[in-house]
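Please keep the sequence and the structure in view while going through the points.

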Amino acid sequence: MTTSLILALIWALTANILAMIPSRDNHWTRAYLLIAAGIPLLGYVTYENGPWIGLFALAAGASVLRWPVRYLLRWVRGRFGAGA
């Protein structure tokens, strides 16, 4: 197993542990930190393992951070959607 995949698994484990700890801001601060760490890690996974594994890692990260992804999609639809 490559270094990037080990780091991605550590990221996923950390995300799950952080989700179990109570939070006053509905985990948004932790989500921002996970996103900031996850984007370069996703690039590293894609660089080291290829685009298919990178897409798999992107899907895994999006499933962990589903609420930020939903808000991003709403923002994109509102900005560039049918109403614009």
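1. The lining of the largest pocket is made up of 26 nonpolar residues, two polar residues and no charged ones. In this count Ala, Val, Leu, Ile, Met, Phe, Trp, Tyr, Cys and Pro are nonpolar, Asp, Glu, Lys and Arg are charged, and the others, Gly among them, are polar. This is a predicted model, in which local features need pLDDT of at least 70, side-chain atom pairs count only at pLDDT 80 or more, and totals for chains, interfaces and linings use all residues. Residues are numbered from 1 along each chain as its sequence is written, and side-chain values use heavy atoms, with hydrogens and water left out.

2. The largest pocket has a volume of about 630 Å³. A pocket is an open set of points, on a 1 Å grid over the protein atoms alone, where a 1.4 Å probe fits and protein lies on both sides within 12 Å along at least five of seven lines; lining residues have an atom within 4 Å of a point. The points are joined across faces, edges and corners, and the volume is the space filled by probe spheres set on them.

3. Which residues lie nearest the centre of the largest pocket? They are Trp-11, Ala-57, Leu-58, Gly-61 and Ala-62, out of 28 lining residues. Helices H1 (3-20), H2 (28-49), H3 (51-64) and H4 (66-80) each supply at least two residues of this lining, and H2 gives the most, with nine. Helices here are DSSP runs (H or I, at least four residues), numbered from the N terminus.

4. The second largest pocket has a volume of about 370 Å³. Of the 15 residues that line the second largest pocket, Ala-19, His-27, Val-64, Leu-65 and Trp-67 are the closest to its centre. At least two lining residues come from each of H1, H2 and H4. The lining of the second largest pocket divides into ten nonpolar, three polar and two charged residues.

5. The largest nonpolar core consists of eight residues, namely Ala-8, Trp-11, Ala-15, Ala-31, Leu-34, Leu-41, Val-45 and Leu-65. The elements giving two or more residues to this core are H1 and H2, and the largest share, four residues, comes from H2. Such a core is a set of buried Ala, Val, Leu, Ile, Met, Phe, Trp, Tyr and Cys residues joined through side-chain atoms within 4.5 Å. Buried means under 20% relative accessible area, exposed means over 50%, and partly exposed lies in between (1.4 Å probe, protein chains only). In soluble globular proteins, nonpolar side chains tend to be buried together.

6. Leu-34 is in contact (heavy atoms within 4.5 Å) with Trp-11, Ala-15, Leu-18 and Leu-65, leaving aside its neighbours within four places in sequence.

7. Three aromatic pairs are found in the whole structure. One of them joins Trp-28 and Tyr-32, which form a tilted pair, 6.0 Å centre to centre with 40° between the planes. Rings of Phe, Tyr and Trp (its six-membered ring) pair if their centres lie within 6.5 Å; planes under 30 degrees apart count as stacked, over 60 as edge-to-face and the rest as tilted. Trp-28 and Tyr-32 are separated by about one helical turn because they are four residues apart in helix H2. Trp-28 is partly exposed, at 26% relative accessibility, whereas Tyr-32 is exposed, at 54%.

8. The rings of Trp-28 and Tyr-71 have centres 5.6 Å apart and planes at 50°, so this pair is tilted. Since Trp-28 lies in helix H2 and Tyr-71 in helix H4, the pair ties together parts that are 43 residues apart in sequence. Tyr-71 is partly exposed, at 41% relative accessibility. Trp-28, Tyr-32, Trp-67 and Tyr-71 form one aromatic cluster.

9. Phi of Asn-26 is near 55° and phi of His-27 is near 70°, in each case a positive value in a residue other than glycine. Asn-26 is exposed, at 61% relative accessibility, while His-27 is partly exposed, at 27%.

10. Met-1 is found in the segment before H1 and is exposed, at 73% relative accessibility. Not counting residues up to four places away in sequence, Met-1 touches Ile-6 and Leu-9. Met-1 and Asn-49 are 48 residues apart in sequence and 10.0 Å apart in space, C-alpha to C-alpha.
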